[in-house]
Amino acid sequence: MENENVIAEAPAPKRSLWRALNDAIRGTDADYTKIDLKKAIFLLAVPMILELVMESTFAVVDIYFVGKLGSSAVATVGLTETYLFLLYSIAMGLAMAVTAIIARRIGEKNKDEAGKSAVQAIFLSILISLPFAIAGIFFSKELLGLMGADEWAIENGYGYTQWMLGANGIIILLFVINAIFRGAGDAAIAMRVLWIANGLNIILDPLFIFGWGPIPAMGIEGAAIATTTGRGIAVGIQLWTLFKGGKHIQVLMSQITWNAKVIMNIIKTSVGGVGQMIVTMTSWIFLMRILADVGSEAVAGATIALRVMLFTLMPAWGLSNAAATLVGQNLGAGSPDRAEASVWKIGFYNMIFLVAVSFAYFFFNEQLMGIFTADQRVIEIGGEWLQILSYSYFVYGWWMVSVQAFNGSGDTQTPTKINLVFFWLIQIPLAYLLALEWNWAHSGVFWAVFFSETAVGLFTLWLFKKGKWKTTEV
């Protein structure tokens with residue numbers, strides 16, 4: 001009889017897990033500052049991981065189709081992305097601040113102020129996008145030339161740059177509004193929006209690049225049009241949902257007014273985040289410029305390898321984003337110890353995941369590259385970078401979570417200062433020295449990235465353990 005009872009009760013955990021998974025995907029109004037910490041991590045991390053898995057899936061699908069157009073087309077995407085990375089740095093820095101502020105207000109149970117902050121964040125996003133749009137529309141050829149693009153990229157690929165930079169406001173809004181949802185705890189909404197955006201992108205990409213029926217083949221420019229269309233529709237859905245109301249946040253028509261006090265608070269909090277991302281992203285611009293001096297094959301190999309990295313890192317960033325939300329909300333609720341405990345738990349999960357990824361990079365790097373290009377030299381270059389990175393992913397998992405803990409608390413300035421030293425003062429000079437002065441070529445760049453990012457990961461984790469982030473006010 002005892003055995004029969006055990007057998008009869010065994011399915012309960014499965015039902016419980018299925019219920020929790022269903023809640024995570026559909027969204028829940030649970031209070032993340034009070035429920036079991038493991039459950040809170042699960043409910044936030046699952047949609048955040050799925051959100052970024054789709055984003056990374058699109059990144060590799062996009063480069064797969066563009067790769068059919070040749071290495072110069074891939075290089076055009078890579079060089080354009082150096083400018084987009086600068087844009088992303090601003091959008092992501094703003095998003096960090098927005099997540100921290102919204103999470104803090106929700107933790108304080110002040111939904112009215114959360115709604116006001118959301119509106120002001122949208123206003124800022126639109127203003128920030130204008131200079132980039134002007135530069136992209138009118139100076140796309142010059143921008144590509146500045147980065148050392150070859151003749152094909154300048155004459156045939158500038159349309160891609162025009163579209164991607166010209167419509168950058170859509171990208172910023174997509175980042176920031178999803179940050180609003182994540183900070184509030186409505187991670188399931190952010191997930192669904194990004195799935196719609198990138199699902200449309202994946203469908204439209206081959207149609208616009210290669211043409212089909214009445215749709216003409218638009219080449220590399222078609223990839224940009226597909227991306228802009230998919231993300232534009234997603235932003236429309238975001239705004240509709242935000243005003244309709246999610247589980248944790250809703251914007252009211254009465255809140256659509258310029259609020260200088262809230263704007264200044266967002267700007268003050270976002271300065272560190274923007275600086276943090278600018279340091280990181282501009283260091284990548286310099287690295288791409290060094291690789292351009294090595295050759296277009298080096299740029300193409302690095303560009304494809306980066307897409308592979310993004311595909312595998314996005315789930316890890318999803319976990320890390322859950323840490324930012326939990327830190328912000330629990331600090332707002334006056335529970336700093338619970339905030340710290342969430343970071344250690346998520347960091348352990350992240351480490352396990354990225355160690356598994358590192359094995360794939362080490363043993364199957366060229367096979368992964370071969371999915372996107374048949375150029376053997378490009379495969380070898382990108383495969384080498386993946387293999388070198390596999391040595392550092394043990395540390396990388398902890399670094400990602402500890403950085404997001406700082407950002408979720410509102411202390412975005414500390415990671416900025418750390419990145420400034422390790423990326424600008426160490427990574428870039430070391431890459432230049434190894435690649436061009438010592439003639440290590442692309443290998444020099446890759447090893448410089450390994451040394452600098454391993455060091456920054458260890459240092460950031462050490463600083464997190466000191467605990468000053470717990471006293472940050474936003």
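Guide: Happy to. Let's begin with Lys116, which is partly exposed at a relative accessible area of 26% (buried is under 20%, exposed over 50%, partly exposed in between, with a 1.4 Å probe and protein chains only). Please keep in mind that this is a predicted model, where local features need pLDDT of at least 70, side-chain atom pairs count only at pLDDT 80 or more, and totals for chains, interfaces and linings use all residues. Residues are numbered from 1 along each chain as its sequence is written, and side-chain values use heavy atoms, with hydrogens and water left out.

Visitor: Which side chain does Lys116 meet in a salt bridge?

Guide: That would be Asp112, at 3.5 Å from N to O. A salt bridge here is a side-chain nitrogen of Lys or Arg within 4 Å of a carboxyl oxygen of Asp or Glu. Asp112 is partly exposed, with a relative accessible area of 38%.

Visitor: How far apart are Lys116 and Asp112 in helix H5?

Guide: They are four residues apart in helix H5 (residues 111–138), so about one helical turn separates them. Helices are DSSP runs of H or I with at least four residues, numbered from the N terminus.

Visitor: And what about Arg377 and Glu380?

Guide: Their side chains form a salt bridge too, at 3.3 Å from N to O. Both sit in helix H15 (residues 376–389), three residues apart, which means about one helical turn between them. Arg377 is partly exposed at 36% relative accessibility, and Glu380 is partly exposed at 32%.

Visitor: Nice. Which residue does Lys470 pair with?

Guide: Lys470 pairs with Asp337, and their closest N and O atoms are 3.8 Å apart. Asp337 is exposed at 58%, whereas Lys470 is partly exposed at 26%.

Visitor: How many salt bridges does the count come to?

Guide: Ten, by that rule.

Visitor: Switching topic: is Ile266 buried or exposed?

Guide: Ile266 is buried, with a relative accessible area of 2%. Its place is in helix H12 (residues 260–294).

Visitor: What does Ile266 touch?

Guide: Leaving out residues up to four places away in sequence, Ile266 touches Leu94, Ala97, Ile101, Ser117, Gln120, Ala121 and Leu124. Contact means heavy atoms within 4.5 Å.

Methods:
Helix = DSSP H or I, 4+ residues; strand = E, 2+ residues; numbered from the N terminus.
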